[in-house]
Every structure is written in C-alpha cells, then in structure tokens.
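This briefing goes with the structure shown below. Please look through the sequence and the 3D view before reading the points.

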Amino acid sequence: GIYRYEPSGAVAGLSANAPLAGAWSMYGAVGFGRLKTPMSGGDEIVKFKANYRLTEVGLAYTLGHDGLPRRWTFSAGYRIQVMSSKEAFGTQDGRDTTQGLAIAAIASF
C-alpha cells in the first residue's frame, strides 16, 4: 500500500559455537534491540517503536582442518526474527515474524 516504515536502532547480540567432530561445529546466536521509525514525515510514514528479537541455531563446516589454515566456514541454520510494536496504527499492535533457512559462507584472512 501507500504506508512505509523504516525501523532502525541498536541491536546487541551474543553468539557461540561448540565443536562436534573434525571440521563440524554447532552454533547459536541471539540478538535483542529496540527499534524506532522516524517520528516526522508525511501520513504515509508509520511511526512506532518496536522490540526486536533474533534467534538462530545451526551447523557449520570449516575447510582447512587437520593442520591447514582455517579460511572458509560454511553454515546452515534456522533463523527467527520477531519485531513487535504497540500502537503502530493508532491503537493497533503489530507483530512481524520472519523465519526460515539461513545459509552463509565466511572467509577469514
């Protein structure tokens, strides 16, 4: 529709991993934040503050084990992001949930 929202703000997080066997490991991450949209603008700008949560768990495989430099890590996991707000449209509360497969490739130099 004609409405827009562009939330921004700081998010703090923690991540950890645990070795399983050989080049395999398990990882997890959580994040929490307080987001807000610009409080000025036209009527098409939706103005609100929101709580943000992120959770991700998965498996990772690192190339270069057994004495070789560890340069590449490939991961696949499941991620859930939730943004919830009070009174986003007048007296209506809002909740946006995004979830699904997260795949990554990380190079270390």
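Leu 20 is exposed, because its relative accessible area is 53% and the cut-off for exposed is over 50%. The model is a predicted one.

**Leu 20 and the surface patch**
- Leu 20 is found in strand E1, which covers residues 11–21.
- Together with Trp 24, Met 26 and Leu 59, Leu 20 makes up a nonpolar patch on the surface.
- The accessible area of these four residues together is about 420 Å².

**The chain as a whole**
- The chain has five strands and zero helices.
- Its pattern, read along the sequence, is β-β-β-β-β.
- The chain has 109 residues, and 25% of them are buried.
- The accessible surface of the chain is about 7,800 Å². Carbon and sulfur atoms account for 58% of that surface.
- Among contacts in the chain with a separation of 6 or more, 50% are between residues 24 or more positions apart.

**The salt bridge**
- How many salt bridges does a search of the whole structure find? The search finds one.
- The partners are Glu 56 and Arg 79, and their closest N and O atoms are 2.8 Å apart.
- Glu 56 belongs to strand E3 (residues 49–63) and Arg 79 to strand E4 (residues 72–89), so the pair ties together parts that are 23 residues apart in sequence.
- Is Glu 56 buried or exposed? Glu 56 counts as buried, because its relative accessibility is 8% and buried means under 20%.
- Arg 79 counts as partly exposed, because its relative accessibility is 31%, which lies between the limits of 20% and 50%.

**Asp 96**
- Asp 96 sits in strand E5, made up of residues 92–107.
- Asp 96 has a relative accessibility of 34%, so it counts as partly exposed.
- Which residues is Asp 96 in contact with, leaving aside its neighbours within four places in sequence? They are Gln 81, Val 82 and Met 83.
- Asp 96 and Tyr 52 are 44 residues apart in sequence, and their C-alpha atoms are 9.6 Å apart in space.

Terms used. Residues numbered from 1 in each chain as written. Predicted model: local features only at pLDDT ≥ 70, side-chain atom pairs only at ≥ 80, totals over all residues. Heavy atoms only, no water. Patch = residues over 30% accessible without salt bridge, like charges linked within 9 Å, V, L, I, M, F, W, Y side chains within 5 Å. Areas by Shrake-Rupley, 256 points an atom, 1.4 Å probe, with all protein chains shown as cover. Salt bridge = Lys/Arg side-chain N within 4 Å of Asp/Glu carboxyl O. Helix = DSSP H or I, 4+ residues; strand = E, 2+ residues; numbered from the N terminus. Buried < 20%, exposed > 50% of the residue type's maximum accessible area, 1.4 Å probe, protein only. Contact = heavy atoms within 4.5 Å.
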